[in-house]
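Trainee: Please take a close look at one part of this model, the packing, and go through it in one connected account. I would like the cut-offs stated as they come up.

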Amino acid sequence: MLKTSLAATILAVMAMSPAYAAKDLCNDAHMQQMDGMIAKMTDAGKQKEATAALDQSKAAMKAGNKDECMKYMMEAHKAMGL
Ligand SMILES: [Cu+2]
């Protein structure tokens, strides 16, 4: 139940952001959003996976590598059940 509502929340958040379609999620605001969503995950294994992927995504963002950033972002989303 909780997982379902979390996924619905994430989808709602993503749908509200036009930037999502433009694949422009490599920004501090979204990273913060991701941190918050991952913190609410109930599956410890998936949470770890999402955190690791997001860390790599953040590192790529800092390095200015948007392709890498998006690649790991998608991995994080997948771990989150998106
Ligand atoms: Cu994201």
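Mentor: A residue is called buried here if 20 or more other C-beta atoms lie within 10 Å of its own, exposed if 12 or fewer do, and partly exposed in between, with the C-beta atoms placed from the backbone. By that count, 21% of the 82 residues in the chain are buried. The model is predicted, and local features need pLDDT of at least 70, side-chain atom pairs count only at pLDDT 80 or more, and totals for chains, interfaces and linings use all residues. Residue numbers start from 1 along each chain as its sequence is written.

The chain has five helices and zero strands, in the order α-α-α-α-α from the N terminus. Helices (H or I, at least four residues) and strands (E, at least two) are DSSP runs, numbered from the N terminus. Of the contacts in the chain with a separation of 6 or more, 55% are between residues 24 or more positions apart. Two residues are in contact if their C-beta atoms, placed from the backbone, lie within 7 Å.

Take α3 and α4 to begin with. Helix α3 covers residues 28–39 and helix α4 residues 44–62; their axes come within 10 Å and cross at roughly 165 degrees. The axes are lines fitted to C-alpha atoms, for helices over the stretch in contact, and angles run from 0 to 180 degrees between N-to-C directions. This angle makes α3 roughly antiparallel to α4. Angles over 145 degrees count as roughly antiparallel, those under 35 as roughly parallel, 65 to 115 as roughly perpendicular and the rest as oblique. The crossing of α3 and α4 is left-handed, meaning that the near helix is turned anticlockwise from the far one by less than a right angle; clockwise would be right-handed. On the α3 side the contact uses M31, M34 and I38, and on the α4 side Q47, A50, T51, L54 and K58. These residues divide into five nonpolar, two polar and one charged. Ala, Val, Leu, Ile, Met, Phe, Trp, Tyr, Cys and Pro count as nonpolar, Asp, Glu, Lys and Arg as charged, and the others, Gly among them, as polar.

M31, in helix α3, is partly exposed because it has 18 other C-beta atoms within 10 Å. M31 lies 23 residues from L54 in sequence, and their C-alpha atoms are 7.9 Å apart.

On to α4 and α5. Their axes are 8 Å apart and the packing angle is about 165 degrees, so these two helices are also roughly antiparallel to each other. The crossing is left-handed here as well. Residues of α4 in this contact include K46, E49, A53 and M61, and those of α5 include E68, Y72, M73 and A76. The contact divides into ten nonpolar, two polar and four charged residues. D67 of α5 is exposed, with 10 other C-beta atoms within 10 Å; its C-alpha atom is 9.5 Å from that of S57, ten residues away along the chain.

The largest nonpolar core has 15 residues, and A50, A53, M73, A76 and M80 have the most contacts inside it. Such a core is a set of buried Ala, Val, Leu, Ile, Met, Phe, Trp, Tyr and Cys residues joined through C-beta atoms within 7 Å. Two or more residues come from each of α3, α4 and α5 (66–79), and α5 gives the most, with five. Not counting residues up to four places away in sequence, A50 touches I38, M41, A76, A79 and M80.
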